[in-house]
Amino acid sequence: MRFEPVAHDPRGATSTVPPLLPNGRHHHPEPAHPAPANHPAPPEHITPAPTAPEPHSRRRVDFAIVRELRRELSERLTRWQRGRDYTPGEEDLERTRLAVEVVAAYADAVRRAGTPLHAADERALLDQVTAELVGLGRLQSLLIDESIEEVHILGCDQVRITRHGGGVDWGDPIADSDEEMVDILQAAARRAGSTERSLSTSKPTLDLQLPDGSRLAAVFLVSHRPYAVIRRHNTLDVTLDELAGARADLDEMVDPLVRDFLRAAMRAGLNIMVAGLAGAGKTTVIRALMNEIPADEPYVLLEESRELLPARRQLKHRAVMSFEAREGHGERGFDGRPAGEVTIADLIPVSLRMGVLRIIVGEVRSREIVPMLQAMTTSRGSMCTIHARTPGGVSERIIELALSHGREMTVDQARRMAGNALDLIVYVTVEDETAIGGRKHRFVSHIEEVIGVSEHNRIATTTVFGPGADGRAIPRHLPERVRDQLLRIGYDARMLTRYIEAGVGAWRRPRHTQLRQRGGL
């Protein structure tokens, strides 16, 4: 193949991190292979990179060249596939090998033309060519930048990046047009998980997990331009000890008292609901709680799109059965549902027949809350997450979702179900001070024990842990309903008495906020 010089596109960008092999390790190119003599001179934009790049700097890549190299890589891979039986793993390895070969040949041609290609630029080019072929395109540069927390893509050329610590900047375009952006999103949907996902005229919204564990939500046609949001999950595998301060790179979300109480709750098989706003850290907390499940205990995990169970944890929890909801496609049946649709509500009854004690639902956000609560009344150690604006609003949110189950559900019935099914409600608070130069603070502020339904037909709770002076959870009352269950596994909640009397907790790090520094609190 002959590479022709192409016009420089200054908008493209990528990371200097080399691409991932199927085993999760980064691939570093071998010394360049001999290249055909007809490779062109390098474009003017490829220049030697500084020896010590600034943080968050990104290598410039000409995407016209990327497309040419991707085309040759695709042709070589097709020739390799023709008439051959191969596994997905073998295909991934061959794709990686051919990508290295194609980019190395181009780099050799560039060097012979008299303008050396910096090794970091070559790695960036290799990274982007591979990403283009597997369908992620320039999105790949956002997925391998570990400083990124959240990305809002508002059309192909407006990319708002939120970094850990609260910094916000605007990135390079992820495509040359909105149409190309939709193509990238559609390709990502086709490759998502084990269930079919789509972004089309009949399904203009998309929710899926990307290969690195990030969560992608997208919409088009019903919006002015195609929009997408990527939420990075940098704590795919986390423990309660790490949330209690054992990892310096994580917020101290619980103190040792809360940690020990939650650990005992898991051992005792209490049913737990984790609540909070979007982005508060509910998923992080439930991941840490899942790490308390014995490695050989079977349990069922239900999610709209998989994000709770990273590969390395699945190696530990070999007995987990992970189910994922499936979107419907085509015409609707007599029940008004798209053909082929399988919801979380459909999967919960199946889960009860799998011979497990625990059922974990990644998030309840609709009518599936009713079968979830019903399952909790016949299981132990089950968990779920739910969105709620305040701790006091959790019970009303439960009722609101339960009423969406059908006309046969009543407010009183929903309250009785919640009072009988739930043992603990853990509320995770997020305080966002990025607008005033601070950062996001995430922590457990409440642990409510559900003790049933009161005489006034309300969900009755006891605040075992409630906000202290800085908002973080400290012991408030001894548990009542679950006390004996905790004692049977060796946890005596009476040890909290002296903390309750003193009105303090055991948080290891002081909480520094912008408002406190300015005298606002």
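This briefing covers the confidence, the sheet and the helix packing of one predicted model.

In this predicted model, local features need pLDDT of at least 70 and side-chain atom pairs count only at pLDDT 80 or more, whereas totals for chains, interfaces and linings use all residues. Residues are numbered from 1 along each chain as its sequence is written, and side-chain values use heavy atoms, with hydrogens and water left out.

**Confidence**
- The mean pLDDT (the predictor's confidence in each residue, from 0 to 100) is 81, and 81% of the residues reach 70 or more.
- Over residues 1-57 the pLDDT is below 50, and this stretch has 126 contacts (heavy atoms within 4.5 Å) beyond near neighbours in sequence.

**Sheet**
- Strand 14 (residues 459-467) runs antiparallel to strand 15 and is joined to it by three bridges, with Gly466 opposite Ile474 in strand 15.

**Helix packing**
- The axes (lines fitted to C-alpha atoms, for helices over the stretch in contact, with angles from 0 to 180 degrees between N-to-C directions) of helix 11 (residues 369-377) and helix 12 (residues 394-403) come within 8 Å and cross at roughly 115°; helices are DSSP runs of H or I with at least four residues.
- Helix 11 and helix 12 are therefore roughly perpendicular (65 to 115 degrees) to each other.
- Ile369, Val370 and Leu373 in helix 11 meet Ile398, Leu401 and Ala402 in helix 12.

Terms used. Helix = DSSP H or I, 4+ residues; strand = E, 2+ residues; numbered from the N terminus. Parallel < 35°, antiparallel > 145°, perpendicular 65-115°, else oblique. Pairing = 2+ DSSP bridges.
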